[in-house]
Amino acid sequence: MFEQYFDFKHTPFNRDIPEKELYVTANMDEMCSRLEYAARNRLFAVVTGDVGTGKTTSIRKFVDGLDSNRYKVMYISDSALTPRNFYWEVLNQLGCEAKFYRGDAKRQLTRELENLISINKRIPVIIVDEAHLLTREMLEEVRFLLNFKMDSYNPMSLILVGQSELK
């Protein structure tokens, strides 16, 4: 109704605004720059903020700015994420059928990430949204995920996004 009155081409303030049309604030630009640095160097990063502050929207902007020939982004948003579900989801997004047992799936993921880097020359970027809901077990698994080659090598960038209590 008001769209016609104001001669809008589409309804403003929808959640599905294309990333190129987002209003970029200085804070969003800074966050995207820091996350790009983390992705490029395969680092662990955490993004926190209160409900509605634009965390996921900023992540959309960040992902849109990455070169898809250089990065492989995997996005997970699951309120009950378990280690087994995590491995299944990441392997599924890599186009693989995950092994049933968690240990086997973890080794499979390690191989797939190393292949992605060495053969395909792409950097894996795993984003876990709503990470403030992660269980202690899943947070422990994240710690082990980042402990490659006796803690001397990061095969991926892992970005946790969640509400302020994630700190």
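H5 passes H6 in a right-handed crossing; a crossing counts as right-handed if the near helix is turned clockwise from the far one by less than a right angle, and left-handed if anticlockwise. Helices here are DSSP runs of H or I with at least four residues, strands are E runs of at least two, and both are numbered from the N terminus. On the H5 side, Arg102, Lys106 and Leu109 make the contact, and H6 supplies Glu137, Glu141, Phe144 and Leu145. Contact means heavy atoms within 4.5 Å. By class that is three nonpolar, no polar and four charged residues. For the classes, Ala, Val, Leu, Ile, Met, Phe, Trp, Tyr, Cys and Pro are nonpolar, Asp, Glu, Lys and Arg are charged, and the others, Gly among them, are polar.

Now the ground rules. This is a predicted model, where local features need pLDDT of at least 70 and side-chain atom pairs need 80 or more, while totals for chains, interfaces and linings use all residues. Residues are numbered from 1 along each chain as its sequence is written, and side-chain values use heavy atoms, with hydrogens and water left out.

Next, the other helix pair. The axes of H2 (residues 26–40) and H3 (residues 55–65) come within 9 Å and cross at roughly 55 degrees. That angle makes H2 oblique to H3. The cut-offs: under 35 degrees is roughly parallel, over 145 roughly antiparallel, 65 to 115 roughly perpendicular, and the rest oblique. Axes are lines fitted to C-alpha atoms, for helices over the stretch in contact, and angles run from 0 to 180 degrees between N-to-C directions. H2 passes H3 in a right-handed crossing. From H2, the contact includes Met28, Met31 and Leu35; from H3, it includes Ile59 and Phe62. The residues of this contact divide into seven nonpolar, two polar and three charged.

On to the sheet. Four strands form an open sheet, ordered E1-E4-E3-E2, with parallel pairing. Two strands pair if DSSP finds at least two bridges between them. E1 (44–48) and E2 (71–77) are the edge strands, each pairing on one side only. The twist averages 15 degrees from one strand to the next. E1 pairs with E4 (residues 157–162) over five bridges. Phe44 stands opposite Leu158 in E4.

Last stop, Arg42. Where does Arg42 sit? In the loop between H2 and E1. Leaving out residues up to four places away in sequence, Arg42 touches Ile117, Ile123, Tyr153, Asn154, Pro155, Met156 and Ser157.
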